[in-house]
Amino acid sequence: MENTDLNRLIMQIIAYSGESIGYSMEALNEVGNKDFSKAEENIVLAEQSLRKAHIAHTEILTYEANNLDKNIVNCLLVHASTHLANAELSKEMAKKIKKIMGGEQND
């Protein structure tokens, strides 16, 4: 994998994860306003962005699994992985808080 390809995938992870976190935070704002419908819409958008981030992450992991002789871990990839983990946690917290506050959850 060329360095430019790796950096493109890393930036996709960061961008889509950040987008997902934004939607999750907006969902929490809507829960606070008791607008559970808008909260659910934002949770769905967060899940869609997170799915895109996971696709890029999986591409990197697949490449590394098939090329064990090449170490591709760098600080930017670690940073991206942190964003991805935070996005997943933010989405799950938004879903849980929505449920606790009385909003129906589509599982």
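Predicted model: local features only at pLDDT ≥ 70, side-chain atom pairs only at ≥ 80, totals over all residues.
## Terms and Overall Architecture

A residue is called buried when its relative accessible area is under 20%, exposed when it is over 50%, and partly exposed in between.

The protein chain contains 3 helices and 0 strands. Followed along the sequence, these elements give the pattern α-α-α. The C-alpha trace extends over about 50 × 20 × 15 Å along its principal axes. Of the 107 residues in the protein chain, 33% are buried. Considering contacts between residues at least 6 apart in sequence, 76% connect residues at least 24 apart.

Arginine 8 belongs to helix H1. Its relative accessibility is 40%, so arginine 8 counts as partly exposed. Arginine 8 stands 11 residues from glutamate 19 in sequence, and the C-alpha atoms of the two are 16 Å apart in space.

Leucine 89 is found in helix H3. Because its relative accessibility is 48%, leucine 89 also counts as partly exposed. Along the chain, leucine 89 and isoleucine 21 are 68 residues apart, while their C-alpha atoms are separated by 8.8 Å.

## Packing of the Helices

Two packed helices are described by the angle between their axes and the distance between the axes. For H1 and H2, the angle is about 165 degrees and the axes are 8 Å apart. Angles over 145 degrees count as roughly antiparallel, and H1 and H2 are therefore roughly antiparallel to each other. Their crossing is left-handed. The contact of H1 with H2 is made up of 17 nonpolar, 7 polar and 7 charged residues.

H1 also packs against H3, at an angle of about 20 degrees and with the axes 8 Å apart. Angles under 35 degrees count as roughly parallel, and H1 and H3 are therefore roughly parallel to each other. The crossing of H1 and H3 is left-handed. Sorted by class, the residues in the contact of H1 with H3 are 17 nonpolar, 8 polar and 2 charged.

## The Nonpolar Cores

In soluble globular proteins, nonpolar side chains tend to be buried together. In this model, the largest nonpolar core comprises 15 residues. The residues with the most contacts inside this core are Leu6, Ile10, Ile13, Ile60, Ile72, Ala80 and Leu84. At least two residues of the core come from each of helix H1 (3-32), helix H2 (36-66) and helix H3 (75-100). There is also a second, separate core of 5 residues, among them Ala27, Val31, Ile43 and Ala94.

When neighbours within four places in sequence are left aside, isoleucine 10 is in contact with Ile60, Asn74, Leu76, Leu77 and Ala80.

## The Loop between H1 and H2

Lysine 34 is located in the loop between H1 and H2. Its phi angle is near 65 degrees, which is a positive value in a residue other than glycine. The two helices on either side of this loop are the pair that pack in a roughly antiparallel manner.

Conventions. Residues numbered from 1 in each chain as written. Heavy atoms only, no water. Core = buried A, V, L, I, M, F, W, Y, C linked by side-chain atoms within 4.5 Å. Buried < 20%, exposed > 50% of the residue type's maximum accessible area, 1.4 Å probe, protein only. Helix = DSSP H or I, 4+ residues; strand = E, 2+ residues; numbered from the N terminus. Contact = heavy atoms within 4.5 Å. Axes fitted to C-alpha atoms, helices over the stretch in contact; angles between N-to-C directions. Parallel < 35°, antiparallel > 145°, perpendicular 65-115°, else oblique. Left-handed = near helix turned anticlockwise from the far one by under 90°. Nonpolar A, V, L, I, M, F, W, Y, C, P; charged D, E, K, R; others polar.
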